[in-house]
Structures are given as C-alpha cells and as structure tokens.
Amino acid sequence: MERPEHKKKRLLVVFSHNHIGGAMTALVNFVNSLDLRRYQVDLLFYELRGPVEGIRPEVRVLPPARENRLCPARFLDPAYLAGYLGARYLIRAKHNELMAWQLFSRRSCRYARRLNQKYDAALAFELGWPFLLHHAVCPGGQKTGMAPQRLPRHRLPL
C-alpha cells in the first residue's frame, strides 16, 4: 500500500499550441526536467497541431482543449464576436495568421472543453491567454502562472 507522503502530485501544464520556437523548446525542457517519481504530469494544449516532439513518454498529452463544435452562446458573446471579427481583419488585411489565431483563441478559451479531473496544481506556461484557459478548464487545485508578467485584467468564471 502506498503511503500518502509518497503519492505523486498531479500537475497540469497548459500551453497554447505546439509549434517550433523558443517557448515550445522551453516547455519541453521544463516538462522533461520534472521529477516524474514525484509528479504525474499532464500536458494540455488549447490546439494541437501535429505530434508533440521531445516530451518524455511518461508525460501524458491530453486531447486539445479547443472544441470544434457549434455553440450558439459563442455568437451572443460580444467579446467572442469582437475576437472573431478582429481575427478575420488580421488575416485578410494584415496577412498575420499567428496574431489572428492568438486573438481569437484568447476570446474562445472560455468555451474550451472542461476537464473532469482534479489536479494538485495547474500551471499556465505562458501567462497570456493560457492563464485564462487553465482557470476555465481546471477544477480545484492550486493555480499558478509561470512568467512574471502583468496579470490579465479579465478572468473567466470558473
């Protein structure tokens, strides 16, 4: 029988999407440096674009939080509509798909898939909208941000 002091802590790490770049490399290095004898690590991406490379096999990559289903409440939400229209503008006029995706995903994270698991701690690896996402999808537990940046002004209801 496993004693409580030896039970693994459940840790959720939230990130925007897998991509090639410095933030993704830092995430891989961070997750791989965790002591997996002490932590059970789940990695949640808002949107998963292809396989996640470089992560140790003991780290569980959850299905993406973004749901591609029609939700009528989205279209009644002024913030969601503003994000959608702003993203369309950035794509068509400015040809900046990355900025459009970031703007729109920040607005739509309140409609993300909810997790039915409890975690001892949830960590938003980026302090921007992943911080909002992990507050929306993670029930209970200690929630923390990683980067010492300014906190967002608006928090989503739990």
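**View 1. Span of helix α4.** Helix α4 (residues 97-108) has twelve residues, and at 1.5 Å a residue it should span 16 Å, which agrees with the 16 Å between its end C-alpha atoms. The expected span is 1.5 Å times one less than the number of residues. Helices (H or I, at least four residues) and strands (E, at least two) are DSSP runs numbered from the N terminus. The model is predicted: local features need pLDDT of at least 70, and side-chain atom pairs count only at pLDDT 80 or more, while totals for chains, interfaces and linings use all residues. Residues are numbered from 1 along each chain as its sequence is written, and side-chain values use heavy atoms, without hydrogens and water.

**View 2. Buried residues of α4.** Ala-100, Trp-101, Phe-104, Ser-105 and Ser-108 are the buried residues of α4 (under 20% relative accessible area, 1.4 Å probe, protein chains only). They lie on the same side of α4, because they cover an arc of only 120° around the axis, taken from the directions from the helix axis to the C-beta atoms.

**View 3. Lining of the largest cavity.** α4 gives the largest share of the lining, four residues.

**View 4. Gln-102.** Gln-102 lies in helix α4. Its C-alpha atom is separated by 8.5 Å from that of Ala-87, 15 residues apart along the chain.

Technical notes: Buried < 20%, exposed > 50% of the residue type's maximum accessible area, 1.4 Å probe, protein only.
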